[in-house]
Amino acid sequence: MRQLLIAILLIIGGTQLSAQGMKEKVIKGTVSHLGTRLVNAEVSSVENDALVRTDTEGNYQIKAVPGDLISFSYPGMRTMEIVVEDVTSILNIKMNADVNQLEEVVVEKTAIKSQRQLQAEYATNKNLINTAFGILDKEISNFSVQILDTKEIPLGGIDFISALQYRVPGIRVERFPATFFNPTVYLRGSSVGFFPAIYDVDGLILEETPTFIPIENIDRIAVLSGLGLVTKYGGRANGGVIVINTKGANYFSKAGADKPFDQARLRNNVFSGNTLSAKGSERNKPVYLQKLNASSTEQEAINLYREQ
């Protein structure tokens, strides 16, 4: 009896396997996007782990059974999954672009300021230097910037170049007897052959060292070096630029006015001390003013004025 039962189960299992094998079919079709056939789009079967790709015409062909899940994927496109039915033989797929929505981004503050804002800050911000191409902010420049203000420039040197020698790393100064007061400055290394530095004095470009400028007249000096200078000053800036701002020459007025920026307003200064009331201020006036204000007639006030 047991052997008969096993035989019946084997027959039923074989019949089911044969039926399933008969149901496997070939699914074919095209994969496209906005009317354009997609090449090398992946078409895969979840049931039998089959994977094919579309040809140069966007055509594909894959084997599957009813109930199987066929997946269509392509870079930049939304993956699509189709369930195979008994009547399914052709699947022409039109794929859609995969749109990724970004999270909300709020820009609260930008580090780049306008020239008008930099002009307003020039008097109080020691990281700014005025050049022939506008005010340069040391904090956001794309080349090396070192700024010295008047307090960092010693007055006992031969000229301002001698002051820079001990303040700027890597600087090299050549002074020959015939041109002792017209030295040549190199900002890149100490070997011979580099281009000498040029000078930007209150917007005026000079190639010779302006040693005629007294040290006490200099407000700020900036040493600029880097390839980014070539885009502003041209090829002659290969050796770097020394920018000099003299006292009184860098005057910036408010728009539509001939008055300078009110630096107290720019610093948001607010008086927070104690003040005197009108009544209290009267008591604190000098005695002669109290008597003068108490005069009943003009003649009495004149006599008091003459007496005082």
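Predicted model: local features only at pLDDT ≥ 70, side-chain atom pairs only at ≥ 80, totals over all residues.

Biologist: Which residues have the most contacts inside the largest nonpolar core?
Modeller: F160, L164, V185, I221, I242 and I244, in a core of 21 residues. A nonpolar core here is a set of buried Ala, Val, Leu, Ile, Met, Phe, Trp, Tyr and Cys residues joined through side-chain atoms within 4.5 Å. Buried means under 20% relative accessible area, exposed over 50%, partly exposed in between (1.4 Å probe, protein chains only).

Biologist: Which elements give two or more residues to this core?
Modeller: Helix 3 (160-165), strand 14 (198-201), strand 16 (218-225) and strand 17 (241-246). Helix 3 gives the most, four residues. Helices (H or I, at least four residues) and strands (E, at least two) are DSSP runs, numbered from the N terminus.

Biologist: And what is L164 in contact with?
Modeller: L148, I171, I221, V223 and I242, leaving aside neighbours within four places in sequence. Contact means heavy atoms within 4.5 Å. There is also a second, separate core of 15 residues, including I27, F72, I93 and M95.

Biologist: New topic. Where does D200 lie?
Modeller: In strand 14. D200 is buried yet has no salt bridge. The nearest side chain of opposite charge, R236, is 9.1 Å away. Lys and Arg count as positive and Asp and Glu as negative; His and the chain ends are not counted.

Biologist: So what does the D200 side chain have a polar contact with?
Modeller: The side chain of Y233, at 2.7 Å. A polar contact is a pair of N or O atoms within 3.5 Å; within protein, one must be able to donate a hydrogen and the other to accept it, and residues adjacent in sequence count only if both atoms are side-chain atoms. The backbone nitrogen of G203 also lies 3.0 Å from a polar atom of the D200 side chain.

Biologist: How many salt bridges does the count come to?
Modeller: Five. The rule wants a side-chain nitrogen of Lys or Arg within 4 Å of a carboxyl oxygen of Asp or Glu. R236 forms one with E207, with closest N and O atoms 3.5 Å apart.

Biologist: Is E207 buried or exposed?
Modeller: Exposed, at 54% relative accessible area. R236 is partly exposed, at 40%.

Methods:
Residues numbered from 1 in each chain as written. Heavy atoms only, no water.
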